[in-house]
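User: Please examine the structure shown below and answer a series of questions about its contacts and surface.

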Amino acid sequence: MPTSPRTPGRYGQAGQLFSKQTQAIFYNWFQKVFFGPEEVAIPQYGSIAEAVEHHPRADVLINMSSFRSAFESSLEALQQPTIRTVAIIAEGVPERDTKKLIAVAQRANKVILGPATVGGVQAGAFKVADAAGTLDNIIACKLYRPGSVGFVSKSGGMSNELYNVIARAADGIYEGIAIGGDAYPGSTLSDHCLRYQHIPGVKMIVVLGEIGGRDEYSLVKALEAGAITKPVVAWVSGTCATLFQTEVQFGHAGAKSGGADESAQAKNAALRAAGAVVPDSFEDLEPTIKRVYDELVGAGTIVPAPLPPPPSVPEDLAAAKRAGRVRVPTHIVSSICDDRGEEPTFNGESMSALMERGATVADAIGLLWFKRRLPPYATRFIEMCVVLCADHGPCVSGAHNTIVTARAGKDLISSLVSGLLTIGPRFGGAIDGAAQHFKEAVEQGWEPDEFVETMKRRGVRVPGIGHRIKSKDNRDKRVELLQRYARERFPSTRFLDYAIEVEGYTLQKAANLVLNVDGCIGALFLDLLHSVGMFAKAEIDDIVQIGYLNGLFVLARAIGLIGHCLDQKRLGQPLYRHPWDDVLYTK
Ligand code: ACO
Ligand code: LMR
């Protein structure tokens, strides 16, 4: 363990650890961070070399990596010409690795803070890692502007405590460093005291040592050699170790009572003998600092400056909200599900509960679309709709589009969406229109012929009536199956009956003007909504008006469209080009 003071030369001009141009590279993660009231984006790079190349003025590297990788990355950082200081935050870096890093740093005249350091702070200028704690603490400890005290400690936790003590007993710190609690710190107490000796702003030095190791003796030597002439107030903690019968290991790796001269008592005595001001106990440290500070003020060495108001930093919104100091309007309202708890809920029902009751796709539709736990006959009806509408061959509009898109080399989602986009008033998207118009007709008490003729006068084709290939003599099986089910299971089929009467009238006009699958689903959903006993009239009006029901066709047909896309890919089909002879070219 080196006990001789190191030269201050490697700390740059006038012993400053952080230059005016200091830029930190936050290695190991990238994030937006607040800088005062504004957010700044810290760029991320894949390697230290790349980061250094982009930021040649950055001279401090804060290494947040774990003890497993701290050695390699710190070594790499020390090898970068522009990096002068490396702070290693990780605890548990193997001592032999730290010794290698120290050797590399000494050869290159560079500084290591840590390992196992909480960092350091140059008041009003720069802060490494978690040093100094929260903004509240920074303001309470007057760290937003420089004081006159250079402080160095082994312990990070105790640094924060001492920033406070020094702010009360003196005018606060100029700079504070926690060298870390390992047995072999990358830089020592005396290294930093020697730096402080050369920093004009530092008028007195406070040192907090620790039982174990011989680091404090290098400070003793520096004091004896007259290399440090500024007043030093020092305390080595761990004096209570003598109360124990056996060797004591405190929290830090290096804080264990070894030989007699590593005891807190011995080191305090040696420091006192070398000229440091050493109180009789830790409790006495604050008044001792105050006494030395007051003497320096009395001698005119320190001219206390009026404390400027702290820069105003807006409170963090989340913290203010938690404390009930602000209320913030939300941007989104949601009423169907909640993913904040242990497991997501669909309209209040947990996923576990859904699985326990063997919930189906139709149950999920009931909860997420209609916000109801629908009775089994209703969910079975929805399932039938989904299965029956899942596909209707490759020639229908949607499948055709999907096939063409897939054959143009597009991905699954593009091919699917291309097919879905064809769903509309003519193809598959007539369920809502059918429900709206059948509902209006029944509510108005129109006779079926009166309804069809009214629609004709309006110039609107009756949604849900008519099919390109289905007709009076070529019935749509889907319509038959749905009708049969509804007649068996629905409490009422009033709207279906009306739609069948409409079909009876339209079939007199043309054989293909059948009640189609969209019209059948539209009419039967009206029956369901009215007879299930769960929906008020206004809610049914809403459901029909908003247009929930086309969703059934969209959902169902997505199954078939995905199938068509995968089929084309599986079959390796080439780009589709429509044949010329299938186009009528005309003027
Ligand atoms: N209401 C009133 N008259 C109609 C309707 C209708 N829904 N459909 C067709 N007609 C009339 C036409 O006005 C035309 O009469 P006209 O000769 O006096 O001018 C005649 O029937 C034939 O019309 P076409 O356009 O040749 O019929 P086509 O077979 O091409 O139309 C279609 C089929 C698009 C489905 C049509 O009937 C229609 O628009 N229906 C309403 C929309 C609808 O329900 N679509 C869903 C179909 S099912 C599904 O896609 C899953
Ligand atoms: C379908 O379900 O896609 C069909 O009813 C439409 C059609 O053109 O056959």
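Analyst: Buried means under 20% relative accessible area, exposed over 50%, and partly exposed in between, with a 1.4 Å probe and protein chains only. This is a predicted model, in which local features need pLDDT of at least 70, side-chain atom pairs count only at pLDDT 80 or more, and totals for chains, interfaces and linings use all residues. Residues are numbered from 1 along each chain as its sequence is written, chains are lettered from A and ligands numbered from 1 in the order in which they are written, and side-chain values use heavy atoms, with hydrogens and water left out.

User: Is Arg458 buried, exposed or partly exposed?

Analyst: Arg458 has a relative accessible area of 40%.

User: With which residue does Arg458 form a salt bridge, and which helices does the pair link?

Analyst: A salt bridge is a side-chain nitrogen of Lys or Arg within 4 Å of a carboxyl oxygen of Asp or Glu. For Arg458, the closest N and O atoms of the pair are 2.9 Å apart, and the partner is Glu440. The two residues are 18 apart in the chain and link helix α16 (residues 431–444), which holds Glu440, to helix α17 (residues 448–458), which holds Arg458.

User: Which helix holds both Arg291 and Glu295, and why are they separated by about one helical turn?

Analyst: Arg291 and Glu295 form a salt bridge with their closest N and O atoms 3.9 Å apart. Arg291 is partly exposed at 44%, and Glu295 is partly exposed at 48%. They are about one helical turn apart because 4 residues separate them in helix α9 (residues 285–298).

User: Are Glu216 and Lys267 buried or exposed?

Analyst: These residues form a salt bridge whose closest N and O atoms are 2.7 Å apart. Glu216 belongs to helix α7 (residues 215–224) and Lys267 to helix α8 (residues 264–274), 51 residues apart in the chain. Both Glu216 and Lys267 are buried.

User: How many disulfides does a search of the whole structure find?

Analyst: A disulfide is a pair of cysteine sulfur atoms within 2.5 Å. Cys385 is buried at 1% relative accessibility, and the cysteine sulfur nearest to that of Cys385 belongs to Cys389, 6.2 Å away. Cys389 is likewise buried, at 2%. The number of disulfides found in the whole structure is 0.

User: Which side chain has an N or O atom 2.8 Å from an oxygen atom of ligand 1?

Analyst: A polar contact is a pair of N or O atoms within 3.5 Å. A backbone N or O atom of Arg426 lies 2.8 Å from a nitrogen atom of ligand 1, whereas a polar side-chain atom of Arg468 is 3.4 Å from an oxygen atom of the ligand. The side chain that places an N or O atom 2.8 Å from an oxygen atom of ligand 1 is that of Asn516.

User: Which helix gives the most to the nonpolar patch?

Analyst: Patches are made of residues with over 30% relative accessible area and no salt bridge, with like charges joined within 9 Å and nonpolar side chains (Val, Leu, Ile, Met, Phe, Trp, Tyr) within 5 Å. Leu412, Ile413, Val417, Leu421 and Leu566 make a nonpolar surface patch of about 470 Å², with accessible areas from the Shrake-Rupley method and a 1.4 Å probe. Leu412 is partly exposed at 34%. With 3 residues, the helix that gives the most is α15 (residues 412–420).

Notes:
A polar contact is a pair of N or O atoms within 3.5 Å; within protein, one must be able to donate a hydrogen and the other to accept it, and residues adjacent in sequence count only if both atoms are side-chain atoms.
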